[in-house]
Every structure is written in structure tokens, then in C-alpha cells.
Amino acid sequence: MAEIEFADGKFTVDRPEARGEVYLQGAHVTRWVPAAQRPVIFLSPNSAFAPGRAIRGGIPVVFPWFGPHPSDPQAPQHGYARTRPWLFAGAAGGALQFELAAEPFRLRYEVAFGATLALTLTVENRSSQEAGCEAALHSYFAVSDVAAVAVEGLAGCTYLDKPDGMRRKLQAGDVTFAGETDRVYLDTPPQLAIRDPGWRRRIAIDKTGAAATIVWNPWRDKAAAMADLGAEAWRGMVCVETGNVADNAVRLAAGASHTMTTAIAVAAL
Ligand code: TA6
């Protein structure tokens, strides 16, 4: 088999260091399995794979707004980048490049599958005026049991607590999970990790150019109400998302660009 193949709307990468998958719709990564590891990225067994429908799991690219549109209730949640077909712009080694025209912006996105999963998203403002946007790599991680894992690195950060009306709160210690958790952490440090004692591994998440981190698990009731997630699978996932949203949204001068990166790697606990 060639290292990179394309069929049924997705690229499949098969290298000694890792295997991966990315759909052209949304430039949506759905799989990254480093050699001798379990899958690191969660993909819902109930996901729809249909034109214009967001895949449940993987790494949706959220752009140009996060959550509901600020003024248009008809506009899709989390923007349109995750449901549009992107342009394939080339591949080298295990890295694939994609582009999306999203006027007044252009997005360039590189996904590099290796022992590290390296993601680079560049937003360029192509207009002659300043423009603002939000962006997030809405990464779903596969975990042994969300109730047993901890997210390290966010102690002391302020967060917006969505289930509590977006109240601002201060994080004490690691983030652990005992119910619905949906938080936007602001001004977060460059190195975070998910500690998973059940699978004896730590998933390190290193980021640049991204000030916010979103942490989400819908828990039992909300998951059961989501047809593409369901009553069982939610325990095996946690979203730790790299982005620039809310207070950390980006403003770009005419012609300016902004790049954010995330590097994900796994080590034994
Ligand atoms: O990132 C967390 C979040 O914004 C949650 O509020 C949430 O419901 C989730 O993303 C999933 O959104 P989606 O539009 O994919 O159903």
C-alpha cells in the first residue's frame, strides 16, 4: 500500500510511525494511531458521515465562530469550516495540506501524522479591513473512562462555565469529571496533558498561537439526547480543544495572518 491513499472522501495514511485518516469534508481528522498504541482520537460509533453534516468525534475545525453565531440563530453552530469540502493542496511525508476560502479569510491547514500528530492552522485576512474570528481544533480524545482521567495544566486559569450561564470561575487543581463539563479556559499555558491511569498513558498537548482551551464532556443525559453520540460512547471521550475563542478571539489587520499549532504525543504513565 502507498503511504497515502484517497478513497471514499478521505485520505488514509499508513506509515511505520503512525496510521491516520482525514476527510476532505472539514479537513476533519478522524484517526491517529501511533505505532504500538491504542487510537488516541475518539470517533463516535454513531457518527453520521454525510455531506454537510458534522462528523461526531475526530478533530472538527471550528471557524469562524465558536458555539452559536453571535447574532444569527439560523447560522450553523461552530461555523461552516467543519462541514465544507476543503481543497487538497499537497502532501509530503506524512503531512497533508488543505485550504479553504472562507471570505474574507483563507484557511491553510497542515495535518502531519507521525509519532506526534502535528496540526498547523493559519488564518489569513484577505480583505482590506480589519476582521475578527474565532477558531478551535475541537479535538476529541479517546480515554479509558472520563470519570477517571484528569486534565493537567489548567490550575489557576479563569474559565467560562457554560452549564452555569457562562459564569467566570477559577480552576483549582487538575480538571476532573463527575458530570456535564463544558468550559472555555482563557489565557492557558502552552503545555497541557490528559492523564489516563486506566490506559496507563499521558496524552501531551503542546500548543502555540492559541490562548484558549475548551474542555467538554456532555455526560450521560446530554449524550443520550445526541443521536450521533448515544447513551454509551460518551464515557470513552473527552474534548480538550486548542483555540482562540471568547475573550481570546483573534483580530487580524487587513492582509495579516495568524497561525496556531497543536502537537499531540503519547507517553506511558
Ligand atoms: O466545545 C464544546 C461545545 O461547544 C459544547 O458546548 C458542545 O455542545 C459541543 O461543543 C459539541 O457541539 P456540536 O455542534 O458538535 O454538537
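Which residue's side chain does the side chain of Thr-262 join in a polar contact? I'll come back to that in the last point.

1. Before anything else, bear in mind that this is a predicted model.

2. Start with the ligand. The space it takes up is the largest pocket. If you want to find your way around, look for Arg-56, Phe-66, Gln-77, His-78, Arg-82, His-138, Lys-162, Asp-182, Ile-214, Trp-216 and Glu-241, which surround the ligand. Sorted by class, that shell comes out as five charged, three polar and three nonpolar residues.

3. Next, zoom in on the ligand's oxygen atoms. The side chain of Arg-82 has an N or O atom 2.8 Å from an oxygen atom of the ligand. Glu-241 also has a side-chain N or O atom 2.8 Å from a ligand oxygen. For Gln-77, the distance from a polar side-chain atom to an oxygen atom of the ligand is 3.0 Å.

4. Now over to Thr-262. You'll find this residue in strand β22, which runs over residues 257-268. Is Thr-262 buried or exposed? Its relative accessibility is 3%, and the cut-off for buried is under 20%, so Thr-262 counts as buried.

5. Back to the opening question. The partner is Thr-242: its side chain and that of Thr-262 are joined by a polar contact of 3.3 Å.

Key:
Residues numbered from 1 in each chain as written. Predicted model: local features only at pLDDT ≥ 70, side-chain atom pairs only at ≥ 80, totals over all residues. Heavy atoms only, no water. Near = heavy atom within 4 Å. Polar contact = N/O pair within 3.5 Å; in protein donor to acceptor, adjacent residues only side chain to side chain. 1 Å grid on protein atoms, 1.4 Å probe; cavity = no way out; pocket = protein on both sides within 12 Å on 5 of 7 lines; lining within 4 Å. Sits in = over half its atoms within 2 Å of the grid points. Nonpolar A, V, L, I, M, F, W, Y, C, P; charged D, E, K, R; others polar. Helix = DSSP H or I, 4+ residues; strand = E, 2+ residues; numbered from the N terminus. Buried < 20%, exposed > 50% of the residue type's maximum accessible area, 1.4 Å probe, protein only.
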